[in-house]
Amino acid sequence: MTYVTEVTATTGRRAVSLGWATAANRRLALRWLRRQAHRLADGPGAAPEPVPSAARDVRPITFRSPGVPHGLRAWADDPDQQDQAMAHLEAGGHDVLTVLDPAVGLLVTFAGWRVRSSRAVRG
């Protein structure tokens with residue numbers, strides 16, 4: 001079953017996609033989300049902007065609260081958290097992880113969901 005994964009950033013009422021990908025199964029979907037958590041934790045970048053649909057990695061953003069990158073790495077590297085995320089995807093859950101940068105009121109959401117047909121995938 002195909003999965004779509006996406007990372008979004010929300011400030012106030014405005015949500016912006018930082019990037020998305022498709023995966024052949026939930027394990028690969030979770031792997032992509034983990035890689036993006038590390039990518040965001042490790043890299044400075046510009047303010048959130050839409051990315052082209054062909055992008056395979058999210059655009060990095062700058063966090064103002066120092067604990068946010070640490071929290072992203074901790075989630076991505078914790079086997080128990082990953083088991084919970086896998087179970088959440090298997091059960092049909094959508095949002096896998098949401099982190100808040102309280103310094104600027106930025107919510108970053110990591111999501112994944114099943115699609116029944118390849119025609120239902122974003123494009």
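Which residues in α2 meet which residues in α3? In this predicted model, W75, A76 and D77 are the α2 residues involved. Their counterparts in α3 are P79, Q81, Q82 and A85. The residues of this contact divide into 4 nonpolar, 2 polar and 1 charged.

Two packed helices are described by the angle between their axes and the distance between the axes. Here the axes of α2 and α3 come within 5 Å. They cross at roughly 75 degrees. The helices α2 and α3 therefore count as roughly perpendicular, since angles of 65 to 115 degrees fall in that class.

W75 also belongs to the largest nonpolar core. This core has 29 residues. Those with the most contacts inside it are V7, L40, L72, W75, V108 and F110. Two or more residues come from each of α1 (26-42), α2 (67-77) and α3 (79-90). The strands β1 (2-11), β2 (14-23), β3 (95-101) and β4 (106-115) likewise give two or more residues each. The most comes from α1, with 7 residues. In soluble globular proteins, nonpolar side chains tend to be buried together.

Neighbours within four places in sequence are left aside here.

Strand β1 is mostly covered, with 8 of its 10 residues buried. T8 lies in this strand. T8 counts as buried because its relative accessible area is 18%, under the 20% cut-off.

β1 pairs with two strands, β4 and β2. The pairing of β1 with β4 is antiparallel and runs over 10 bridges. Within β4, L106 stands opposite T11. The pairing of β1 with β2 is also antiparallel, over 9 bridges. A21 in β2 is the bridge partner of T5. A hairpin is formed by β1 and β2, with 2 residues between the strands. G12 in the turn has a positive phi of about 60 degrees.

Methods: Residues numbered from 1 in each chain as written. Predicted model: local features only at pLDDT ≥ 70, side-chain atom pairs only at ≥ 80, totals over all residues. Heavy atoms only, no water. Core = buried A, V, L, I, M, F, W, Y, C linked by side-chain atoms within 4.5 Å. Buried < 20%, exposed > 50% of the residue type's maximum accessible area, 1.4 Å probe, protein only. Helix = DSSP H or I, 4+ residues; strand = E, 2+ residues; numbered from the N terminus. Contact = heavy atoms within 4.5 Å. Axes fitted to C-alpha atoms, helices over the stretch in contact; angles between N-to-C directions. Parallel < 35°, antiparallel > 145°, perpendicular 65-115°, else oblique. Nonpolar A, V, L, I, M, F, W, Y, C, P; charged D, E, K, R; others polar. Pairing = 2+ DSSP bridges.
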